[in-house]
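Keep the 3D view open as you read.

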Amino acid sequence: MNSISMKLNADNLILQALAEDITSEDISTNAVMPEPKLGEVSLICKQDGVIAGLDIFKRVFELLDDKTEFIFYCKDSDNVKAGQLMATIRGDIRVLLSGERTALNYLQRMSGIATYTRSIADLLKNSKTKLLDTRKTTPNNRIFEKYAVKAGGGYNHRYNLSDGVLLKDNHIGAAGGVKEAVAMAKQYAPFVRKIEVEVENLEQVREAVEAGADIIMLDNMTAEMMTEAVKIINGRALTECSGNVTRDNIEKLINIGVDYISSGALTHSAPILDISLKNLHPVE
């Protein structure tokens, strides 16, 4: 994440997270460290995985004290091993203590998403299908979680509701049908926006093709139905399959021939990666 994006999009969210954790003061730290003192601490990975969020981890401490110094021994998207020293951080001990939990919360969560994403993306390596995330993200953490998906080898679907047209079942119900929904979207949306339609049966697939949808999402269909749907579409639209896709069931979807598979599990079900700050000590 570059410095401009960090300042425009991430800093305020990080500051909110810090304010949530320090409403008035860090009582524990102030009790044992009443005055500034230079210290050093190690960032250690406690299990194998994929690292993501090092810039966010770093930024937490910088926002508390821009004099904090870092030496990183890995970078985002790297595979890391249990016991690996990933960074050394030097600065005011009070800052290192007060920022520890917030910084680790971001790094553990983002690395967990990157690790889970990589485990699924690797299964798709020899196919034409790309792995997408969804908008099923933690409120106010989407920028971090979608970044983590990319670090893990996945791709981002639309970022938010302003980012693209996706006509889901309730949009179609409100419009009166697939044909009507697509026609209304074409009339309303800027011509540079692609129109994606969610369909649940083969009749809707045919309607979406005839209506000129750019992308057709095959939602909660059986593998057999999706295979038939891809034949019906026959390259006239991009194809995406969705619906409770996880690492455990994605293999049966690999050979269907869709362009994209989207999975909300990448962001809503990935466990954290266990990472710690250890061996804090004063330095002269």
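Tyr73 is partly exposed, because its relative accessible area is 44%, a value that falls between the 20% limit for buried and the 50% limit for exposed. Bear in mind that this is a predicted model. You will find Tyr73 in the loop between strand 3 and strand 4 (79–80).

Now look at Ile71, which belongs to strand 3 (residues 69–72). Ile71 has a relative accessible area of 48%, so this residue too counts as partly exposed. Together with Leu85, Ile71 and Tyr73 make up a nonpolar patch on the surface, and the accessible area of the three together is about 290 Å².

What does Ile71 touch, not counting residues up to four places away in sequence? The answer is Met86, Ala87 and Thr88. Ile71 can also be compared with Ile89: 18 residues separate them in sequence, while their C-alpha atoms are 6.5 Å apart in space.

Strand 3 and strand 5 run antiparallel and are joined by 4 bridges, and Phe70 has Ile89 as its bridge partner in strand 5. Strand 5 also pairs with strand 1 (residues 38–45), again in the antiparallel sense, over 7 bridges. Here Glu40 has Arg90 as its bridge partner in strand 5. Strand 5 (residues 85–92) is largely enclosed by the rest of the structure, because 6 of its 8 residues are buried.

Leaving aside neighbours within four places in sequence, Phe144 is in contact with Ala10, Leu13, Ile14, Ile56, Tyr106 and Met110. Phe144 is among the buried residues of helix 5, which also include Ile143, Ala148 and Val149. Helix 5 (residues 142–151) is mostly covered, with 8 of its 10 residues buried. Just after helix 5 comes Gly153, with a positive phi of about 100°.

Notes. Residues numbered from 1 in each chain as written. Predicted model: local features only at pLDDT ≥ 70, side-chain atom pairs only at ≥ 80, totals over all residues. Heavy atoms only, no water. Contact = heavy atoms within 4.5 Å. Helix = DSSP H or I, 4+ residues; strand = E, 2+ residues; numbered from the N terminus. Buried < 20%, exposed > 50% of the residue type's maximum accessible area, 1.4 Å probe, protein only. Patch = residues over 30% accessible without salt bridge, like charges linked within 9 Å, V, L, I, M, F, W, Y side chains within 5 Å. Areas by Shrake-Rupley, 256 points an atom, 1.4 Å probe, with all protein chains shown as cover. Salt bridge = Lys/Arg side-chain N within 4 Å of Asp/Glu carboxyl O. Pairing = 2+ DSSP bridges.
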